[in-house]
Amino acid sequence: MNFLKQAITLISIVLFFISSHSQNGHDLWLQNKNPKTVHVVTAKQSPTIDIVKNELLKGWQGTEGSTLTLTIKKDRSLHRDGFKITPTTIQANTDLGILYGVYELLRRQQTGIYINENINNPSYDRRVLNHWDNPNGSIERGYAGKSLFWRYGKDSLAVTESDRKLWQEYARINASVGINGSVLNNVNASPMMLTAGYLERVKAIAEVLRPYGVKTYISIKFSSPSLIGGLSTSDPLDADVIKWWNNKIKEIYKLIPDFGGFLVKASSEGQPGPQDYGRTHADGANMLADALKPYNGIVMWRAFVYSANDEDRAKQAYNEFVPLDGQFRDNVIIQVKNGPIDFQPREPFSPLFGALKKTAIMPELQITQEYLGHSIHLAYLAPMWKEFLDSDTYQEGKGSTVAKSTDGSLFNQKISAISGVANTGLDTNWTGHTFAQSNWYTFGRLAWNHELSSEQIADEWVKLTFSPFDLANSQTKPDFSKNDWSNNFLQPVKQMMLDSHEAVVDYMMPFGLHHIFSANAHYGPGPWYGPERVRKDWTSLYYHKADSLGIGFDRTTTGSNAIIQYEEPLRSQLSNLETCPENLLLWFHHVPWDYKMKNGKTLWDNLAYRYDAGVKKVREFQKIWDMAKPYVDSERFYEVQSKLRNQNRNAQVWKDACLLYFQEFSNMPIPYDLERPM
Ligand code: GCW
């Protein structure tokens, strides 16, 4: 009897672990539901349709026993993998359209959000994750463990069943939010990636990702012909180099017939590129594009270029690329980071958006929080990305938003795309911080529909990730009502998310301050880093320019004149201290310490208030989360609680460090009414 009891306890412990793992871990926003029966009617058979059926089996929350009809037929109102849905039908041009339609329908069932819009077309055709994963399994700027694709050591290239299982989960998660491409390795690329063993592994990954519609791409090192091809040059105009690339690309397509193409970081931060041979970015990109063209492959060519010359770093990419506009092949797309510097907590949009009119251009967002507190700080990035996508470039008149100047609606471009630097790794929750999952989710949702609001995306994500009401384990049925959950968990947690990015800006770099991080790690504060560093554009003084008169980077006509790269009337608005948005003031102006801001207080006082407000917001988040305890499983509760504790301490360090440091220049007292830390 005793033995039986022990055995039962053991079994339930094991079951608990299995279920808690899948609830809190790999399933992310695709939680196991208590599915109802559904009859699926379709004439089509394919691996993708098998996935469709399986998802419906696992997740149908509609009426028990209902019939869902899937129709694949040509419909001109649908673009590529777009779809039409009603509660009982899904129609699309492609199998993938059906798959995306199913995920949308299940999401609506699970969140109770019904959108009247019936036609659902993607904003961008290519919705691509960039993995900065190295062949040895490490990840540049990765904060969630090692690579999902590559590993260190002997047998590192052997493909195991558990690899395949992991890649399949990865593919499913991506497909569920419409992500349809993955660049499998770091833009600081190893030439090894183009060697046979690695390409075989890419093939194996591609096979798992394919039925989920996720295309594979790789980053290449521009000097590969000399590094691994035995050639004496990698000059893009050299006949042998061209031949080498042609052969290499042929070899790749033989393995992976639907291979997506290359992502290239060239002549940038020490990476080799066409400029090493006196050639332009267009020469380099076009050579690869020509070789990829017969296979429908594309080149995503990055515009992240700058050097330590005297020119303001924020101006360099524009100056290099605008003169090349119109010279790129139509299967080249220029990949541009959202801001002109480097994924800072707040930047204005890069002036290249809208300015390249005859060249396809795609935004690069950073999902991994390199400059936003790694996987320690809670920062929901939808508001930042929306601010960027909705920014008006005025390049084709009022309303020429970044979104419209990249999604093909403003310019006639053959390819439309958006990319996000992934925040994934082998950590059981995939992203290090549970709330960082929301940024992966958001990237996919915005790439599919850039008109969704931050609020809606947060609402969906919280419901899908935390709702206790549909969990398969109904023995853990909550002892609170849906109303309680909504009032005490959903609403406050959502508000915390919506406020979180601005909180980070406040305690790190308010009013357009940028790049005052400690060196290399880009985590803590380092406004004091000065000319002793190797390059002046890698110092903090270069960016904040604090002196006895004031603080900020003068980018108007009296300074670097970077504002010339923006179109009117934005240019004039930014140039004028009075009309420049205060959240970008120190990005564009060197402002006197005693400058009176809109609230009547001095810049110095405002800086102090802002740093303090950022810290206070994190304290609020802590309180919100503490109250959330009854509504969330203990694993995730304690994880987030302890991370918020760290975030609070680190926010305080940011505030103290920056205010103390800048005070040396301002020589002004901390405002007397600033509340002391509690
Ligand atoms: O943001 C900077 C990072 C580098 C990165 C580079 C880039 C992959 O600090 O780690 O390199 O940008 O985007 O190329």
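Asn 136 touches Trp 150 and Tyr 152, leaving out residues up to four places away in sequence. This contact belongs to a predicted model, in which the domain assignment of the protein gives domain 1 (1-30), domain 2 (31-120), domain 3 (126-452) and domain 4 (467-553 + 590-678). Between domain 2 and domain 4, the C-alpha centres lie 41 Å apart.

**The loop between E6 and H4**

- Asn 136 has its place in the loop between E6 and H4.
- Asn 136 counts as partly exposed because it has 14 C-beta neighbours inside 10 Å.
- Asn 136 and Asp 27 are 109 residues apart along the chain, and their C-alpha atoms are separated by 26 Å.
- Arg 141 is also found in the loop between strand E6 (126-130) and helix H4 (161-176).
- With 18 other C-beta atoms within 10 Å, Arg 141 is partly exposed.

**Around the ligand**

- Arg 141 is one of the residues around the ligand, together with Trp 132, Glu 140, Val 187, Asn 188, Lys 265, Glu 269, Phe 304, Asp 342, Phe 343 and Glu 370.
- By class, this shell holds 4 nonpolar, 1 polar and 6 charged residues.
- Glu 269, another residue around the ligand, lies in the loop between strand E9 (261-264) and helix H8 (281-292).
- Glu 269 counts as exposed, since 11 C-beta neighbours lie inside 10 Å.

**Backbone details**

- Most residues other than glycine have a negative phi, and most peptide bonds are trans.
- Arg 141 has a positive phi of about 60 degrees although it is not a glycine.
- Glu 269, likewise not a glycine, has a positive phi of about 45 degrees.
- Glu 568 and Pro 569 are joined by a cis peptide bond, with omega about 0 degrees.
- Pro 569 is found in the loop between E14 and helix H16 (570-575).

**Two buried residues**

- Pro 340 is found in the loop between strand E11 (332-337) and E12.
- Pro 340 counts as buried because 27 C-beta neighbours lie inside 10 Å.
- Leaving aside neighbours within four places in sequence, Pro 340 is in contact with Ala 314, Ala 317, Glu 347, Ser 350 and Pro 351.
- From Pro 340 to Thr 86, the separation is 254 residues in sequence and 43 Å in space, C-alpha to C-alpha.
- Gly 550 lies in strand E14 (residues 550-551).
- Gly 550 counts as buried, with 20 C-beta neighbours inside 10 Å; the cut-off for a buried residue is 20 or more.
- Not counting residues up to four places away in sequence, Gly 550 touches His 590, Val 591, Pro 592 and Trp 593.
- Gly 550 and His 501 are 49 residues apart in sequence, and 26 Å apart in space from C-alpha to C-alpha.

**Helix H10**

- Helix H10 (residues 382-389) is largely enclosed by the rest of the structure, because 7 of its 8 residues are buried.
- The buried residues in H10 are Ala 382, Pro 383, Met 384, Trp 385, Lys 386, Phe 388 and Leu 389.
- These buried residues pack against strand E12 (360-366), helix H11 (402-406), helix H12 (437-448), helix H13 (454-466) and helix H14 (482-508).

**Helix pairs**

- Two packed helices are described by the angle between their axes and the distance between the axes.
- For helix H3 (residues 95-111) and H13, the axes come within 9 Å and cross at roughly 80 degrees.
- H3 is therefore roughly perpendicular to H13.
- In this contact, Arg 107, Gln 110 and Thr 111 in H3 meet Glu 460, Lys 463 and Leu 464 in H13.
- The residues of the contact of H3 with H13 divide into 1 nonpolar, 2 polar and 3 charged.
- For helix H18 (residues 603-627) and helix H19 (residues 634-666), the axes come within 9 Å and cross at roughly 170 degrees.
- H18 and H19 are therefore roughly antiparallel to each other.
- Residues of H18 in this contact include Trp 604, Leu 607, Tyr 611 and Trp 625, and those of H19 include Val 640, Leu 644, Phe 662 and Ser 666.
- The contact of H18 with H19 is made up of 14 nonpolar, 7 polar and 3 charged residues.

Key: Residues numbered from 1 in each chain as written. Predicted model: local features only at pLDDT ≥ 70, side-chain atom pairs only at ≥ 80, totals over all residues. Domains from an automatic or database assignment. Near = placed C-beta within 6 Å. Nonpolar A, V, L, I, M, F, W, Y, C, P; charged D, E, K, R; others polar. Axes fitted to C-alpha atoms, helices over the stretch in contact; angles between N-to-C directions. Helix = DSSP H or I, 4+ residues; strand = E, 2+ residues; numbered from the N terminus. Parallel < 35°, antiparallel > 145°, perpendicular 65-115°, else oblique. Contact = placed C-beta atoms within 7 Å. Buried ≥ 20, exposed ≤ 12 C-beta atoms within 10 Å, placed from the backbone.
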